[in-house]
Amino acid sequence: MIKNIYKLIKNFFVSNKNCFLVIALVITSVITAYSFGVSNGKQKQAITQATQTINALNQLIDSTKQLTKNAVDASSALSQQMAERKLYDEQSTNALRDALDSTATNRSNCVFDDRILQFIDSARTRAAEATTNGITSTTKRTMRITRKTTK
């Protein structure tokens, strides 16, 4: 029986060489087309993934630029507040020095003017607040509002 099937297949291919070549060509074409399609799909997927990665990196760069800008703005505001604080400290030191100079003769007897004692007390209070709160406001812990000062 196996010999008969073998003879049948052999006779089919020997007598139908053209049909065999056509079938072989069709199978080869289908396999080639499938391989090309898989390769093309992989390439498109790689391009899509690369595009998504590039977009994610661009978003990261943009957010980093915004964070850097915010940091520079905060640093500038802090520098301005520190400069204003230094100017205010210099002005209050000069005012205290002038007030003490005007009553230097009375201090030799340990007598201080009320105005000087009030100024010293308010300076002590501000220094204590600055020590505990830094350069933030005393109640809400927010940055002080800066104002333009003239020298």
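Ile9 is partly exposed, at a relative accessible area of 45%. By partly exposed I mean between the two other classes, where buried is under 20% relative accessible area and exposed is over 50%, with a 1.4 Å probe and protein chains only. Ile9 sits in helix α1, residues 2-15. Helices here are DSSP runs of H or I with at least four residues, strands are runs of E with at least two, and the numbering goes from the N terminus.

A word on the source. This is a predicted model, in which local features need pLDDT of at least 70 and side-chain atom pairs count only at pLDDT 80 or more, while totals for chains, interfaces and linings use all residues. Residues are numbered from 1 along each chain as its sequence is written, and side-chain values use heavy atoms, with hydrogens and water left out.

Back to Ile9. Together with Met1 and Ile5, Ile9 makes a nonpolar surface patch of about 350 Å². Patch residues have over 30% relative accessible area and no salt bridge; nonpolar side chains (Val, Leu, Ile, Met, Phe, Trp, Tyr) are joined within 5 Å, like charges within 9 Å. The areas come from the Shrake-Rupley method with a 1.4 Å probe, and for residues only the protein chains shown count as cover.

Next, the charged pairs. How many salt bridges does the structure hold? There are 3, taking a salt bridge as a side-chain nitrogen of Lys or Arg within 4 Å of a carboxyl oxygen of Asp or Glu.

Start with helix α2, residues 17-102, where Lys69 and Asp73 are 4 residues apart, so about one helical turn separates them. Their closest N and O atoms are 3.1 Å apart, in a salt bridge. Lys69 is partly exposed at 46% relative accessibility, and Asp73 is partly exposed at 40%.

The remaining pair is in helix α4, residues 114-133, where Asp121 and Arg124 are 3 residues apart, about one turn of the helix. Their side chains form a salt bridge with an N to O distance of 2.8 Å. Is Arg124 buried or exposed? Arg124 counts as exposed, at 53% relative accessibility, whereas Asp121 is partly exposed at 38%.
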